[in-house]
Amino acid sequence: MGDMEFNSMLIDVAKYLTADDIHRMKFMCKDIVKKRDMEKVATALDLFTELQSREKLTANNTSFLKQLLDKCEKPNAIRVIDQFENNRLNHHVGNGEIPMDTSPGLRHQALQQAQPIAPQPAHQSDISVASRREDPFVQQQLNALRPEFNFLMKNLSREWRFYLRALGMSDSDVDIVETDYPRSLRDQIYQALVMWAKEYKERATKTELIRALKDGSVERFDLASKLEKGNY
């Protein structure tokens with residue numbers, strides 16, 4: 001995998017970043033990028049270019065970028081990087097290679113992938129353990145918002161994409177959900193709302209759900225009224 005795949009991955013990561021995210025990331029990089037150079041940074045890709053020129057971001061080392069994204073609470077952007085790294089490892093392992101400049105953690109993963117492992121059946125206990133590892137606060141938010149999510153899942157229709165944009169979700173997020181749940185609009189809506197709650201955490205509130213319904217691109221005042229009155 002070459003520079004084109006790496007640059008394409010960075011473009012996908014940039015899609016998840018808002019102007020506020022970029023401002024925060026620039027602040028965190030002020031000891032790395034000189035002030036006069038930072039003044040030229042207007043977009044996420046500009047910042048990535050500065051980090052690359054200082055060898056803080058390469059195809060073999062994305063750890064610093066992941067730290068920045070983690071501080072900005074961008075799990076979906078981190079997921080894009082993880083997918084790139086997995087694909088890159090699979091490419092090298094498939095060719096009988098393991099890059100020497102790969103980080104120790106990734107080299108260990110590559111060595112494991114190079115050795116065939118018999119598939120193990122999934123057990124309900126494994127699923128339960130994974131569920132218990134969910135961020136307690138996020139799980140609490142999901143439980144609290146479940147009635148609203150069910151209501152919206154049943155009542156949103158063709159305007160659902162506009163609604164998710166009004167909540168702050170990117171088209172890339174929505175595309176992921178559509179790909180994962182291609183046969184059910186209700187599943188797409190519900191899972192997209194779950195993704196939104198996990199990313200926005202304490203900002204994922206009933207008030208925000210109502211605000212987005214009143215957005216000019218959505219204008220579902222009927223649903224907003226029902227949520228406000230608790231009539232659902």
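I took helices (H or I, at least four residues) and strands (E, at least two) as DSSP runs, numbered from the N terminus. By that rule I find 14 helices and zero strands. Read along the sequence, the pattern is α-α-α-α-α-α-α-α-α-α-α-α-α-α.

The model is predicted: local features need pLDDT of at least 70, side-chain atom pairs count only at pLDDT 80 or more, and totals for chains, interfaces and linings use all residues. Residues are numbered from 1 along each chain as its sequence is written, and side-chain values use heavy atoms, with hydrogens and water left out.

**Burial**

I called a residue buried under 20% relative accessible area, exposed over 50%, and partly exposed in between (1.4 Å probe, protein chains only). Of the 232 residues in the protein, 38% are buried.

**Helix 2**

I looked at residues 19-28 next. Asp21, Ile22 and Met25 are buried in helix 2. Seen down the helix axis, these buried residues fall within an arc of 95°, so they line one face. The arc is that of the directions from the helix axis to the C-beta atoms. The face turned away from the buried side carries Ala19, His23 and Phe27, which are exposed. A note on geometry: an α-helix has 3.6 residues a turn, so residues three or four places apart point the same way.

**Helix 12**

I list the buried residues of helix 12 as Gln188, Ile189, Tyr190, Ala192, Leu193, Val194, Met195, Trp196, Ala197, Glu199 and Tyr200. Just after the helix, Lys201 takes a positive phi of about 50°.

**Cysteines**

How many disulfides are there? I counted a pair of cysteine sulfur atoms within 2.5 Å as a disulfide. The count is zero. Cys29 counts as buried because its relative accessibility is 0%. Cys72 counts as buried too, at 2%.

**Pockets**

I searched a 1 Å grid over the protein atoms alone; a pocket is an open set of points where a 1.4 Å probe fits, with protein on both sides within 12 Å along at least five of seven lines, and lining residues have an atom within 4 Å of a point. Grid points are joined across faces, edges and corners, and a volume is the space filled by probe spheres set on the points.

The largest pocket has a volume of about 410 Å³. It is lined by 20 residues, and Asn76, Arg79, Val194, Met195 and Lys198 lie nearest its centre. Helix 6 (75-94), helix 11 (171-180) and helix 12 each give two or more residues to this lining. Helix 12 gives the largest share, six residues. I sorted the lining by class: Ala, Val, Leu, Ile, Met, Phe, Trp, Tyr, Cys and Pro count as nonpolar, Asp, Glu, Lys and Arg as charged, and the others, Gly among them, as polar. That gives eight nonpolar, two polar and ten charged residues for the largest pocket.

The second largest pocket has a volume of about 160 Å³. Its lining includes Asp12, Lys15, Tyr16, Asn76 and Arg79. Helix 6 and helix 11 each give two or more residues here. Which helix gives the largest share of this second lining? Helix 6 does, with four residues. By class, I noted three nonpolar, three polar and four charged.
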